[in-house]
Amino acid sequence: MEYSTSESGLYTKIKDVNMQLPAGEYYVRYSENENYIASPAQKVIIEQGPKLVVTYVADGVTVDTVELDYGESVAPESIPAIPEKAGYDQVSPTWDATGENITADTTITAVYAVNKYTVTYKADGKVVSEV
């Protein structure tokens, strides 16, 4: 199979049955090979599909949502800041996914690192142990 954006235009082979094309008019036909001539082209109209939703969640609460078309990625400026959380590292919380090449509704969750503390036990001014 192959497609073109015009009936008399250059045809491109369809290499993957899950290939995604943007909305528009296309002409599709069976490819020519050593055993067959190309079939007549059939006009196919691909309509814009529904927007996909990327939902950013922190501690079970939706922080933000971003709508995208199939295969798009969340723009860096659209990625929300991760809310602060008491008792957790405020320097390096991250999202658990990048938001690239979105092909279905997606939930991306904040990942927090628990603050770590060192407790030092002293007796008579000397360190006895650290935990």
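Buried here means under 20% relative accessible area, exposed means over 50%, and partly exposed is what falls in between, with a 1.4 Å probe and protein chains only. By that rule, both Tyr56 and Trp95 are buried. This is a predicted model, where local features need pLDDT of at least 70 and side-chain atom pairs count only at pLDDT 80 or more, while totals for chains, interfaces and linings use all residues. Residues are numbered from 1 along each chain as its sequence is written, and side-chain values use heavy atoms, with hydrogens and water left out.

**First sheet**

- Four strands make an open, antiparallel sheet in the order S2-S1-S3-S4. Strands are DSSP runs of E with at least two residues, numbered from the N terminus, and two of them pair if DSSP finds at least two bridges between them.
- Strand S2 (12–13) and strand S4 (42–46) each have a single partner strand, so one side of each has no neighbour in the sheet.
- Three bridges join strand S1 (residues 2–4) to strand S3 (residues 24–29) in the antiparallel sense, and Glu2 sits opposite Arg29 in S3.

**Around Ile14**

- Ile14 belongs to the loop between S2 and S3, and it counts as partly exposed because its relative accessibility is 31%.
- Leaving aside residues up to four places away in sequence, Ile14 touches Met1, Glu2, Tyr3 and Met19; contact means heavy atoms within 4.5 Å.
- Val44 is 30 residues from Ile14 along the chain, and their C-alpha atoms are separated by 14 Å.

**Aromatic pairs**

- Rings of Phe, Tyr and Trp (its six-membered ring) pair if their centres lie within 6.5 Å; planes under 30 degrees apart are stacked, over 60 edge-to-face, and the rest tilted.
- That rule gives three aromatic pairs.
- Tyr3 and Tyr26 form an edge-to-face pair, at 5.8 Å centre to centre with 75 degrees between the planes. This pair links distant parts of the chain, with Tyr3 in strand S1 and Tyr26 in strand S3, 23 residues apart.
- Tyr3 counts as buried because its relative accessibility is 14%, and Tyr26 is buried too, at 7%.
- Tyr56 and Trp95 have ring centres 4.9 Å apart and planes at 70 degrees, so they are edge-to-face. Tyr56 lies in strand S5 (residues 52–58) and Trp95 in strand S7 (residues 94–95), so the pair ties together parts 39 residues apart in sequence.

- Another open sheet of four strands runs in the order S6-S5-S8-S7, and its pairing is mixed. Its edge strands are strand S6 (61–68) and S7, each pairing on one side only.
- S5 and strand S8 (residues 106–111) are parallel partners over four bridges, with Thr55 opposite Thr107 in S8.
- S7 and S8 run antiparallel and are joined by two bridges; Thr94 has Val111 in S8 as its bridge partner.

**Largest pocket**

- The largest pocket holds about 230 Å³ of space. On a 1 Å grid over the protein atoms alone, a pocket is an open set of points where a 1.4 Å probe fits, with protein on both sides within 12 Å along at least five of seven lines; lining residues have an atom within 4 Å of a point.
- Its lining includes Gln20, Leu21, Pro22, Ile46, Asp69 and Tyr70.
- By class, the lining has seven nonpolar, three polar and two charged residues. Ala, Val, Leu, Ile, Met, Phe, Trp, Tyr, Cys and Pro count as nonpolar, Asp, Glu, Lys and Arg as charged, and the others, Gly among them, as polar.

Definitions and conventions:
Grid points are joined across faces, edges and corners, and a volume is the space filled by probe spheres set on the points.
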